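Subject: Structure handover

Hello,

The sequence and structure are below, and my notes on them follow.

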Amino acid sequence: MPKTLSSVVLVGRPNVGKSTLFNRLTQSRRAIVTEIPGTTRDVITHPVEWQGARFELIDTGGMFGASQDPLHQLVLERGQRAIKDAELLILVVDGREGLVPADVEIAEVIRKANIPTLLAINKTDDRRSRAGVMELYQLGFDPAFEVDAITERTAHVGSGDEETAHEQSELAVAIVGRPNAGKSSLVNRLLREERMLVSDMPGTTRDAVDTLITWHRRTFRIVDTAGIRRPGRVIKGGKPEEVSVLLARRAIKRADVVVLVVDATAGATDQDGAIAGEAEGAGSGVIIAANKWDLMKPPGTNSNEFDENLRRQLKFLEYAPVLHISAETGERTSRLFEVIDRVAGNCRKRIPTPAFNQFLAQVTTRHPPVSPGRRRVRILYGTQIGIAPPTFLLFTNVATKFHFSYERFLINQLREAFGFEGSPIQLRVRRRRGKTA
Ligand code: GDP
């Protein structure tokens, strides 16, 4: 049964995104301004119906966190009055900035008020914010949820969203591999065969040139194409093999999806393994393109056996789909964009918290967690805290790490249940703090 709340109050220091969240939740451009008795500053309230719950949403604006303010104590008192009658507080914090002293101060006020509190971490759609997010859990408010996850659901209203959709329709793709694997042939093939709109775009670093290709209304930015065309000139010195790893690293940093081109006639080598490790470490989506498949005929060639060997050699990348292609003949190259598109989608996939917890309950009932410690570990609940790569946070009863093999097991089960082909998955484990306020 959906619960009816009388008032939900957004708190947080200025500029963490409270008003954006407020506007999204209320689906309004302009908030209704009323005054809460006892506070001299205006607060903004609006009735909300969200996921079956009805409540009054109150934004406390910049009331909190003005620690530079000489009237600091007064400001805090006002804030305390504003939250006094709340049934639920949402503490909004900034995932990119991580934990700052003002957040801690606000958290203390909240704890004293003894009101249930959710932690909403804003601006997390970004690999850079990952460390900041982990810090914010130190505030001790569980369960946490991400603002992006909420706003995504209400994102159909308003004009600002077209921009986001546009941004997401461009995918950065790195094509990497050893010298002579066929990278440059592949790029040329894609350009020629698909009759796409093509232009060279200057990249962000010197010598980095990107190539834009449009396919079905999507734009693929093949990053660092100059490195593909003339590797020797891009990074001077070093053996060609080493240069290829450096180039790959540089391109991978900028990519949503990595296509690792392997020369099928040679199989995967240590160098391919090194490049695979780079891709895995960066958390990008990965596809393995086994190129020169035209030379792997006569048609008796067993692709299963080939794949098994390949996977043994590139063991980090067991989640990456393998595509057998020929840049020379064009065999299956046109399927590549389809697969890139799908993998990119998997990297940005969000599993709703209820579905994730249902999954956790099922899996852990059958296979309880294994950890190196002596105490019995239980997973209490979990939530997805990020995308690209999908990152899940699990709360446990005791501080622990899972046994390596159990972590792998969970990740594999997640893949099976929700389909994360081509996307790495990260798990974090954290002991649940004392009950919320
Ligand atoms: P790069 O160094 O990875 O960019 O590799 P290139 O694209 O320059 O290709 C190296 C060599 O392999 C060239 O002689 C290509 O013609 C050849 N090559 C590339 N792709 C294929 C393929 O699918 N089949 C065959 N038979 N040869 C290929």
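**Ligand shell**

The ligand is surrounded by 16 residues, the closest being Gly182, Lys183, Ser184, Ser185 and Glu328; a residue counts as near if its C-beta atom, placed from the backbone, lies within 6 Å. This is a predicted model, in which local features need pLDDT of at least 70, side-chain atom pairs count only at pLDDT 80 or more, and totals for chains, interfaces and linings use all residues. Residues are numbered from 1 along each chain as its sequence is written.

Helix α7 (residues 183-193) gives the largest share of the shell, three residues. Helices (H or I, at least four residues) and strands (E, at least two) are DSSP runs, numbered from the N terminus.

**Cores**

The largest nonpolar core has 52 residues, and Val173, Leu260 and Ile288 have the most contacts inside it. Such a core is a set of buried Ala, Val, Leu, Ile, Met, Phe, Trp, Tyr and Cys residues joined through C-beta atoms within 7 Å; buried means 20 or more other C-beta atoms within 10 Å of the residue's own, again placed from the backbone. Elements giving two or more residues to this core include β8 (170-177), α7 and β12 (257-263). A second, separate core of 36 residues includes Leu10, Ile83, Val92 and Ala107.

**Strands β5 and β6**

In strand β6 (residues 117-122), five of the six residues are buried. Strand β5 (residues 88-94) pairs with β6 in the parallel sense over six bridges, where pairing takes at least two DSSP bridges. Asp94 has Asn122 of β6 as its bridge partner.

Regards

Notes:
A residue is buried if 20 or more other C-beta atoms lie within 10 Å of its own, exposed if 12 or fewer, and partly exposed in between; C-beta atoms are placed from the backbone.
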